[in-house]
Amino acid sequence: MPHAARRTATVVERWSLLNALGMLGAAAGALWTTSVWPLLGSGGGLLAGLVWVARSRWTESGAFGAANAVTALRVLLLGALPPLTAAGPWGPVVLGGTFLAADGLDGWWARRRGLTSEFGAFFDKEADALFLLVLCALSAFEGHLPIWILGVGLLRYGFVVMLFLVQPPEKTESRFSFARYAYGAMVGALLCSFLPYPRLYEPLVTLAAGALLLSFAWSTVQLVMRAGTERQG
């Protein structure tokens, strides 16, 4: 990362780059071992690192907050996905649906209680990214989907690296409605892939992956344009 980026990026933003690079490395380990545990171990450890480096700014009051506690619980639940997947198709579907429902709860609670923060925003979206990547890896390693689906799970991490290369005015994306819907559709399609209905889930996964790729492409275009405007100004 260029020297200017080190001066301007916040500690949480710098952590996001470390997290992205760490997860890209963990994905290589997961491919080598055909196991999701490198992803879960690295992702959980890196998120714990975020909690530590941002310990003075969890919320405006300094407390961890109930909304962040819900996010932390979602991360802990990810460890149950591999054994549930091995036990049968409905375990990951039920747990994944619970994770997705709780994803809306933590953000809503934070806004309602005035507990929003930079830490909370990053904690939430990086937990979402880890969940998506683990689902992609589980489905691929179980033989339900081709291995290219891992690329969909890595979109977030590649996007973060791009942010630090392009150097836009801010080192995070604006969360807009289409992106949220695309993420929800992708998770739903991946959960369907654990069921024995490939004629149903294969087109759903393809469509959802295209929508998610489009959302990241749009965010990238916006940030590149902002970076160009900032340099011209």
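Asp124 and Arg74 join their side chains in a salt bridge, with N and O 2.6 Å apart. A salt bridge here is a side-chain nitrogen of Lys or Arg within 4 Å of a carboxyl oxygen of Asp or Glu. Asp124 sits in helix α7 (residues 118–141) and Arg74 in helix α4 (residues 66–77), so the pair ties together parts that are 50 residues apart in sequence. Helices (H or I, at least four residues) and strands (E, at least two) are DSSP runs, numbered from the N terminus.

This is a predicted model: local features need pLDDT of at least 70, side-chain atom pairs count only at pLDDT 80 or more, and totals for chains, interfaces and linings use all residues. Residues are numbered from 1 along each chain as its sequence is written, and side-chain values use heavy atoms, leaving out hydrogens and water.

**Salt bridges**

The structure holds three salt bridges.

| Pair | N to O distance |
|---|---|
| Asp124 and Arg74 | 2.6 Å |
| Arg74 and Asp128 | 2.9 Å |
| Glu126 and Arg156 | 2.8 Å |

Arg74, Asp124 and Asp128 are linked in a network. Both Asp124 and Arg74 are buried. Buried means under 20% relative accessible area, exposed means over 50%, and partly exposed lies in between (1.4 Å probe, protein chains only). Arg74 has a relative accessible area of 1%. Asp128 has 3% and is buried. Glu126 is buried at 2%, and Arg156 is buried at 8%.

**The whole chain**

The chain has 11 helices and zero strands. Of its 233 residues, 46% count as buried. The chain exposes about 11,200 Å², and carbon and sulfur atoms supply 67% of that area. Accessible areas come from the Shrake-Rupley method with a 1.4 Å probe; for residues, only the protein chains shown count as cover.

**Helix α2**

Helix α2 (residues 11–33) has 23 residues and should span 33 Å at 1.5 Å a residue; its end C-alpha atoms are 32 Å apart, which agrees. The expected span is 1.5 Å times one less than the number of residues. Its buried residues include Trp15, Leu17 and Met23. Thr34 follows α2, with a positive phi near 50 degrees.

**Cysteines and a surface patch**

The whole structure has zero disulfides, a disulfide being a pair of cysteine sulfur atoms within 2.5 Å. Cys136 is buried at 0% relative accessibility. Cys192 is partly exposed at 24%.

Leu204 lies in helix α11 (residues 198–232). Leu204 is partly exposed, at 36% relative accessibility.
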